[in-house]
Amino acid sequence: MDNHKIDILLGLQWGDEGKGKVVDALTPNYDIVCRFQGGPNAGHTIEFEGKKFVLHNIPSGVLTPGCVNLIGNGVIIEPHILKGEIEGLREAGFDLRKTLMIANRAHLILPTHRAMDAANEKALGKMKVGTTLKGIGPTYTDKTARKGLRIGDIASADFREKYENLKRAHLQQIAGLGFEMQGFQLDGLDFAEYEKLWFEGIEYLKQYQFVDGEYFINDALDAGKKVLAEGAQGSMLDVDFGSYPFVTSSNVIAAGVCSGLGVAPSRIGKVYGIFKAYCTRVGTGPFPTELFDETGEMLRQNGHEFGATTGRPRRCGWLDLPALKYAVMLSGVTDLMMMKSDVMDDFATLKVATAYRYNGQETKQLPFAACTETMEPVYTKIPGWQQKIDGKIPQKLEDYITFIENYVGVPIKFVSYGPDRTQNIIR
Ligand code: GDP
Ligand code: IMO
Ligand code: MG
C-alpha cells in the first residue's frame, strides 16, 4: 500500500471471482472504498458470522465500521435498486447516512433503459448477450451519446421534464425494435408501478451525500487516506478487451479507475488481481475451457455457481492461463489472489489451459477471433491435492500455485479457501 496512491482490486476472469469477499477482507486496511464502473449488474457476496450480504451498487467496504464508501462517477445507478440495498443494510444494523457518498457525475439508469435492455436482447434472438437486464448497455450508450441524466441533475427544477423527454425518446426506440411495452413488467411489477417506485428512489437518495467525487478522492489521497477501488465484472467482460460483443458496457480494467473516479494514472498503487482456481461465465459468449460433463457439474455444485444477481447457473470450466495472463497484462496486476481453491479439494487431477490451437497453430495469445469463436484449449494436467485446506496450503496445491505463478509471472499472495471473510491464507 503506497501513501497518496489508490490501490485497485479487479476481477481477472468473467466476473464473480469473489471480489466482494476480498474487498471486505481488505477493508480494515483502508479508509475509503470506491466503485468506479458498472452498476447493479454486479452482485458481490460477503459472508461472516453466518450472515450473508449481496451488494449490487454499493461498495463492499460498507460492512466495516468507519469505512467511507464512494459510488464513483463511472458507476451507473438505479435509484429504486439502490434504495432497496441501503434499506436492507439498515435493517441489518448498518446505517449508511454518514458513510455513503455518491458522485454527482454518476449516471442514472431509467426504467426505460431497463425496458430497452430487454428489447435489445429480444431483437438479438439467439445472438443475445445474456445481460442482467438492469439497463447497463442502454445507460452507458446514452452517457456516451451525451443524452444521459446524472445524480447531480436530481436537484434541478426541470428534472422531471428532462426525464420525460428522455423517456419519450426511449419509447420511440423501443417501438422501433417492435417491442411491446403493453404488459411489460420490471421485477414483477407493471411498468407504471415500477416508475413510481423509481421516483420514490430518487427522493430517498436525496438524504445521502452527493459529492464531486474527483475532488473528494484526490483530496483524500493528498491527506494520506488509504483508498481502495473495487472493480465489478471481470477483465474478459471489458468493453474493449473482452469477447466483444459478449461483454458489459464499461472498462473494467485498471484504466477504468482513472476515468471512473477522476484519478491520474500516476496515482495508481497496488493492483490486486483476483481469479478463481477454475473459470466461470454467465451469459453468452466464447468460453474455451468450458466443461459440459460431470466435472463441470461438480464445479457448479461444489462452488455453488449460481448468479448472485440473476440466480442463473454459471457455466464452469478449467482455469485458462492465456486469458489470465492477458488480463494481468492489461491492468498491470502486481499481486494475484486465488479464490475458491476448496471447490477442487476432491479432484484427483486438474487441467489448466496453457495455450490455444487456432488455424492449425498453437498460440498463447488471444487472437481477434477469440471475441466470437471458441479457441480449442491445449491442456496441462496437474495432480490434485485431495485434502481439505484449512489454514495451511497442501504441497500439491502449492505446486498448482507455483505453476500458475511461473506462467503468469506475478506472485499469488492470497489464497481463499471458503466464503467466510476469515478463510484466507496470506503467502
Ligand atoms: P463477486 O461478484 O466477484 O463479488 O463474486 P460473487 O459474490 O458473485 O460470487 C462469488 C461466490 O463465491 C460467493 O457466493 C462467495 O460467497 C463465494 N466465495 C468467495 N470466495 C470463496 C472461496 O474461497 N471458496 C468458496 N467455496 N466460496 C467462495
Ligand atoms: P460481478 O461484479 C458476472 C455479464 C452478463 C452478460 C454480460 C453483459 O458480480 O462480477 P450487462 O448486464 O452488464 O449488460 O451484461 O456481462 N455480467 C456479469 N457476469 N458477474 C458480473 O458482475 C456481471 N455483470 C455483467 O451475464 O453476459
Ligand atoms: Mg458477482
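Predicted model: local features only at pLDDT ≥ 70, side-chain atom pairs only at ≥ 80, totals over all residues.
Residues are numbered from 1 along each chain as its sequence is written, chains are lettered from A and ligands numbered from 1 in the order in which they are written, and side-chain values use heavy atoms, with hydrogens and water left out.

Let me start with Thr 64, which sits in the loop between β4 (51-55) and β5 (68-71). Thr 64 is buried, at 15% relative accessible area, where buried means under 20%, exposed over 50% and partly exposed in between, with a 1.4 Å probe and protein chains only. If we leave aside its neighbours within four places in sequence, Thr 64 is in contact (heavy atoms within 4.5 Å) with Asp 24, Thr 27 and Pro 28.

Now the metal: which residues are the protein donors of the magnesium ion, ligand 3? They are Asp 16, through OD, and Gly 43, through O, lying 2.1 to 2.2 Å from the ion; donors here are N, O and S atoms within 2.8 Å of the metal (3.2 Å for Na, K and Ca), and because water is not among the atoms, sites may look incomplete. Asp 16 belongs to the loop between β1 (6-11) and α1 (19-26) and Gly 43 to the loop between β2 (32-35) and β3 (44-48), so the pair ties together parts that are 27 residues apart in sequence. Asp 16 is partly exposed at 22% relative accessibility, whereas Gly 43 is buried at 11%.

Finally, two places in the backbone deserve a careful look. The peptide bond from Tyr 244 to Pro 245 is cis, with omega near 5°, and Pro 245 lies in the loop between β12 (227-230) and α8 (255-261). Glu 49, in the loop between β3 and β4, is a residue other than glycine with a positive phi, near 45°, and Glu 49 is exposed, with a relative accessible area of 64%.

Terms used
Helix = DSSP H or I, 4+ residues; strand = E, 2+ residues; numbered from the N terminus.
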